[in-house]
Structures are given as structure tokens and as C-alpha cells.
Amino acid sequence: MSDVPDLSSDEDQYDEEEWQEMDTSNSSITCLFCTTALPTIEEGILHCEKNHNFNLSTLKSKYHMDCYSYIKLINYIKTHKPKSEDIMGSATELWNDDKYLKPLDNDEWLMYDFDSLAENISSPKSYHANVENGLVTLSQAHFIELQRTIQTLSEQLKESQTHLQMAREDMSKMQSSMKTIVEGNTNSIGNENVTVDCVSKVPLECDEGYFSSYAHFGIHYDMLSDKVRTESYKNAILFNKETFKNKTVLDLGCGTGILSMFCATAGSKKVYALDQSEIIYHAMDIITENNFSNEIKTIKGRLEDTKLEEKVDIIVSEWMGYFLLFEGMLDSVIYARDNYLNPGGILLPNQCNISLVANGDIDTHKKLINFWSDVYGYKMNCMKSEVVREASVEVVDSKNVISEPCIVKNIDINTCNVKVVDFTSPFELCITRDGFMTSLIGYFDTFFNLPTSVSFSTGPHVTPTHWKQTLFYFKDCKEVKKGDIIKGTITCSRLKTDVRGLLVQIDIFGKTHKYILS
């Protein structure tokens, strides 16, 4: 569609002259607090320290600043033009607001490698000392300088000891939190023991690993290049522009911001793009690059720990994980629905289901299971149980499907609660051809029930997605005949040690098989 922003790579549009504009070797910088021009940023830093008592090293140490804090600081100074003493004398980070991450212009100060800035004191001046008969005589100026150096180092040592003690206390809290989660699936809050049965009850420090996994380029490439996934969201939004026109939208777990831009293109009045992962900083640049800064507001944070400015009309989120429920992000969608969705508001997607189908792929079974019967002449049969214990995520060729599918779980996102992850369902699989049943294939379908409905499937019978399929292998194959009805029961529940993980139990052929997705 013509009004959709072109997000394809435009690197071919850059020519050599444009890249040369980035060369800073012959450029100069202007002091942050006066009109003095300096040849380099390093000399600018020394000038600010000497003439304005503005010490970047002190600020870096005091506030534990990183490169993002530095960008905020520079843009704060450029915006408000404060006096140096106002910044150095403040008890708080005056610039601690994500709005200062948006560059005002192509400022040379923003090119500085802030991480390379040392957090130690300036080298003391050189003084001459007289040594006579084993006695060292110092000038008064030298003695005062040494006293100042000792005092500064003592203060730094005291501050470091304070930080070390704080780190020890933080580590102790984290160890305590993890111990209660692992041993009893509870977390001590005040004097109460709260069962950790959903994401909102997990301390953020224990949940950072999940968000860190979304900070890397590769996973976003996989998701964006998944046309089934991305075009389904695009069509659901852009084929229903009247639904989005002048509406307020929350894009939960926005990633690179692609869904936010679809919503803005569809005419949404305001879009809140929220993500706890570091990818949010790239989303800010992408949104600015595509001229959506007025329509889309980015927010860094986990929803459960963030307070939005207002309730929204629509919540859009790509929350689905392997076997639909892995990663537990549905918890956050439910939290958003219950706390931030206006009455009569819309959730997208708003319906999903999980299905099972029989797999007859003998070759892959031999590769994964029978391999351990003879490993370079040695038996390693004990490994077979470990292999089948972990659910496998892979693409299944449709030619290996040997039964009709059976839906084992329907989920209405409008009404479900966090206990939806825990379910037990019987199933019956009608075998479509003779063969050996090697595993069960799990997959999900997703629905956008709107005036113009859109849906997609992650099953083996359609175009593969980045979710692939989830396979539950049996240690031993089971021969089946066309027309057989294979009956069983599947039980799904959260892992006690990881609320984002799943424990799946399948009872079939008179045996109980347990699998983990973690």
C-alpha cells in the first residue's frame, strides 16, 4: 500500500560524499557553557573543567553514567543552557528523562566515546623535592597538592566501599529471591509469602535475562523477515483503518517499532511503544527516521513496573512464543488489558488455539534418538531419555504428518486469566496412513477478529514461520494403521523454577511422557 512507510534497506542511497560528512577530523566543537571553539572534544572537556568547573569524570562516577546517560546530559545542556554549577551542585540527575535521548542536531559532543572517559582524578602537577641527609623537603604548594590528592583518593575509596556494600546487599537480595522461586515457587514480599505464578510477581532483577535475549539483532531479523507473522499484523491493522482512526494504542513489547508504525500509518492518534529490552533505543531512531515522532511515544520499561499516562483503546502485541504459551508474555497482555484498556477496547490478536498432530518422521527420530545406541562403537542409551525430555523446535515437512489435527486448547484473549497456561485436555488423532508414530507436533493458530478478519497458522501444512513447530518425541516409535484413533491426554503447566517456561505431560499408549520448554 502506498501509505505504508518503506522500511527496506536504503544503504544504496548513500554515496561517498554523504559518508564524508561524518568525518570529524577537521571539525571543531563549541564549549557547552560559552562560545569558545575548541579543536577536539578532549580539549573541550579540559576547557569545561578548567574554566567552568564542569567535571565529566565526577558526574560519571557520581551517577554511574553510561553512554545513554551522557547523550541525555548533552541534550539537556543544549536544550536548557544551565550553568555549570547548577549541574555539578545538583543532588539528582536533572537530565534523567528519555526525551533527551532524541538528538537536537548533529552535535560533535554526541560523537564522543563516553565509555573511554576515565573516572579517576587528574594527574597531580609536577613538583621538585629536595633530598638531603635522608630528609625530604617539600614546598608548601607541593605539600598542599599531596594533601588534596590523599583526600580525594580517600573519598573515592570511601565511595567505592559504599558501592561494594550496596552490591553485596543487592546480590544477597537476588540470591534470596531466586532461592524462594526455585525451592518453593514463592517470593517474600514484606512479611508475606506470595506464590510466583505469573510474570508480574517476578522481581525485575530476576527477569532481566528474558529481556536481554531481545536486545540482539538476530532475533529481530528472524521476526521481521517472517512474512507470515509480520504481514498478518500489517494486514489486520491496515485493512481495518477505521478501527484505528483517532484511537490511542499500546504496542506491548514493541521491539523495533514495526507494529507501532503500522498503527500510526492507519491513523492512530497516539501510540505508546513499550519495551524493557535495550532494543527500545533502536526503536527510537527508527521511529524518528520514519517521521513518526509526533504519533509514537517510546517507553523503556516492563509493563508491570510502568505507569502509563492514560488508558488506551487498542492493545496490539506479538506475544506468542513456542507452543503459543512459552515465554509467558500473555501474562503481560492480560495485565495490560485489566489495567490499561478502556471499556469496549480491542485486543490484537484476540483469539488463539493450540493443536496436536501425529508425526511419522522415522529418519529424524533415528538421527536424534537411535544415534545414542552406537556412538563410535560405544553405547550411550542413557542419553535417549534426556533427548526426549526436552521439547524440540523445528520445521516439520508436511509429508511426515500422519493424522488429522486436534485442537487441545482455545484461548479468548478478551476473557482469559493468567491460569490459562495450566490446562489438561483429552485428544483424539485419526491416523491418515500407515506408519510409525515418532512424536506429536504442537502448533498454534492466531486470529484477528475485526471487520476485515485476518488469521495465520504455524502448523506443518502451511508456510513455515519463525515459531516453527514444537515436537514431543517418544523414546520408542509406535506402529499405527490408517483409520486408527489414537487417544491421549495433554497437561500443560508453568515450570515452578521459571514462570516463563512450560512443563508438558502427555499420556499416550499407556505411558506418561514429560517434556520441558525452558
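Mentor: By the rule used here, the chain holds nine salt bridges. The model is predicted, and local features need pLDDT of at least 70, side-chain atom pairs count only at pLDDT 80 or more, and totals for chains, interfaces and linings use all residues. Residues are numbered from 1 along each chain as its sequence is written, and side-chain values use heavy atoms, with hydrogens and water left out.

Trainee: Why is Arg-302 called buried, and Asp-305 partly exposed?

Mentor: Buried means under 20% relative accessible area, exposed over 50%, and partly exposed in between (1.4 Å probe, protein chains only). Arg-302 has 4%, so it is buried. Asp-305 has 47%, so it is partly exposed.

Trainee: How do you know that Asp-331 and Arg-494 form a salt bridge?

Mentor: Their closest N and O atoms are 2.7 Å apart. Asp-331 lies in helix 13 (residues 330–340) and Arg-494 in strand 19 (residues 485–495), so this pair ties together parts 163 residues apart in sequence. Both Asp-331 and Arg-494 are buried. Helices (H or I, at least four residues) and strands (E, at least two) are DSSP runs, numbered from the N terminus.

Trainee: What makes Glu-479 and Lys-481 a salt bridge, and why are Glu-479 and Lys-481 called partly exposed?

Mentor: The closest N and O atoms of Glu-479 and Lys-481 are 3.4 Å apart. Glu-479 has a relative accessible area of 48%, so it is partly exposed. Lys-481, with 42%, is therefore partly exposed as well.

Trainee: Why is Thr-256 called buried, and which residues does Thr-256 touch?

Mentor: The relative accessible area of Thr-256 is 13%, so the residue is buried. Thr-256 sits in the loop between strand 7 (248–252) and helix 11 (258–265). Not counting residues up to four places away in sequence, Thr-256 touches His-220, Leu-224, Ile-279, Ala-283 and Ile-286; contact means heavy atoms within 4.5 Å.

Trainee: How do you know that Leu-146 is partly exposed, and where is Leu-146 placed?

Mentor: Leu-146 has a relative accessible area of 37%, so it is partly exposed. Leu-146 belongs to helix 6.

Trainee: How much of the whole chain counts as buried?

Mentor: Of the 518 residues of the chain, 44% count as buried. The secondary structure comprises 15 helices and 21 strands.

Terms used:
A salt bridge is a side-chain nitrogen of Lys or Arg within 4 Å of a carboxyl oxygen of Asp or Glu.
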